[in-house]
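Subject: Structure handover

Hello,

As promised, I am passing on the structure for you to look through. Please open it alongside this email.

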Amino acid sequence: MEHKIVLIPGDGIGPEIVREAKKVLDGVCEKYGHTFQYEEALIGGASIDTYGVPLTDETIAAANSADAVLMGSVGGDAATSPWYQLEPSKRPEAGLLKIRKELNLFANLRPAYLYSQLREACPLRPDIIETGFDLLIMRELTGGLYFGERKTYEENGVWTAVDTLVYNEQEIRRIAVKGFEIARKRQKKVTSVDKANVLDSSRLWRKVVEEVAADYPDVKLEHMLVDNCAMQLVRDPGQFDVVLTENMFGDILSDEASMITGSIGMLSSASLNETKFGLYEPSHGSAPDIAGQDKANPIATILSAAMMLRYSLDLDQEADAVEQAVQKVLSQGYRTVDIMSEGCTCVGTRKMGELILKNL
């Protein structure tokens, strides 16, 4: 089977972790007889350095012509990088927001799974994580506060900043449908997270989610306020299956969920549109402080590649093989520095990629 994949290494540790994920994808091709055609493109700081803008029309066109996009990371050190002397619309993260909008990537999937081999790295008490947890945060990605009208102005000597949170029922309905469809393939439970006791946008969110739920009688729906959800994630993460929420709440909650797994370096993500096309990337940032030092954990990017195999390329067996290879390497006691524990063997970025490839 032949597929076209656009690789966007990005900034910081991005080129290193994408390199290891491509190594594993090439192993999948060899093992299962597939052909992946790759095209590289730029985004973020790398694109600014080359083209003067964080995202070019050429990168968007390349992505649109592909079956899927695998991306590394975007951005740098805001305190020292010249990229952050530019106006906000020309900074690296603006490229990330724009590509999501241009490709209509409205559904962001962020799994948070506790590997039994990494229980010691989890900051929660052993009795809380005794039975483990396996949840997925479904975040609306192209609406809400991050994409609403914004302005900063001075009036009577006082500076005022305004950000606008807007959602319409179609935007809410399509992400809710995605959430319920995926819940059907998991444990058949959706927790819809909002702030309906305060926000009009959340009250509309809750109304539309309930309408969608009527079409999925086999899936249990519960509503939870976002502040309570933040507490419940550290009190009893095992209670969750699919957590469905809007853009800003999802951004915050998914980072919280990442830390209770032991390391954000373990967490994959997928951003999907209404077709099978998706953009796949690790949940972590560009970590410029360790870039080029062979210290980065490539597992999140490799697991993102596994999600790509599953959701965009319909290669479930191959995705399973990659996920099982990661499990085997962890069971063999190999760790990158961010997940290192006593009695294990610390390895670098390249070695971890090689070990996962070997265990395919």
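Below is what was found in it, area by area.

Please keep in mind that this is a predicted model.

As background, nonpolar side chains in soluble globular proteins tend to be buried together.

**Strand β12**

Next, have a look at strand β12 (residues 278-282), where five of the five residues are buried. Both of its faces are covered: G278, Y280 and P282 lie on one side, with L279 and E281 on the other. In a regular strand, side chains alternate between the two faces of the sheet.

Which strands pair with β12? Strand β3 (residues 68-73) runs parallel to β12 and is joined to it by two bridges, with L70 partnering Y280. Strand β11 (residues 268-272) runs antiparallel to β12, and five bridges join the two; here S268 has P282 as its bridge partner.

**The loop residue S312**

S312 sits in the loop between α9 and α10 (316-331). Is S312 buried or exposed? Its relative accessibility is 8%, so S312 counts as buried, the cut-off being under 20%. Its side chain reaches the backbone oxygen of K276 at 2.5 Å. Setting aside neighbours within four places in sequence, S312 is in contact with D67, A68, K276, F277, G278, Y280 and M307.

**The largest pocket**

Finally, the largest pocket has a volume of about 900 Å³. It is lined by 28 residues, of which L136, M307, R310, Y311 and E323 are the closest to its centre. At least two lining residues come from each of β4 (107-113), β5 (134-140), α5 (169-184), β11, α9 and α10. The largest share is that of α10, which supplies five residues.

Happy exploring, and do write back with any questions.

Best wishes

Terms used
Residues are numbered from 1 along each chain as its sequence is written. This is a predicted model: local features need pLDDT of at least 70, side-chain atom pairs count only at pLDDT 80 or more; totals for chains, interfaces and linings use all residues. Side-chain values use heavy atoms; hydrogens and water are left out. Buried means under 20% relative accessible area, exposed over 50%, partly exposed in between (1.4 Å probe, protein chains only). Helices (H or I, at least four residues) and strands (E, at least two) are DSSP runs, numbered from the N terminus. Two strands pair if DSSP finds at least two bridges between them. A polar contact is a pair of N or O atoms within 3.5 Å; within protein, one must be able to donate a hydrogen and the other to accept it, and residues adjacent in sequence count only if both atoms are side-chain atoms. Contact means heavy atoms within 4.5 Å. On a 1 Å grid over the protein atoms alone, a cavity is a set of points where a 1.4 Å probe fits but cannot get out, and a pocket is an open set with protein on both sides within 12 Å along at least five of seven lines; lining residues have an atom within 4 Å of a point. Grid points are joined across faces, edges and corners, and a volume is the space filled by probe spheres set on the points.
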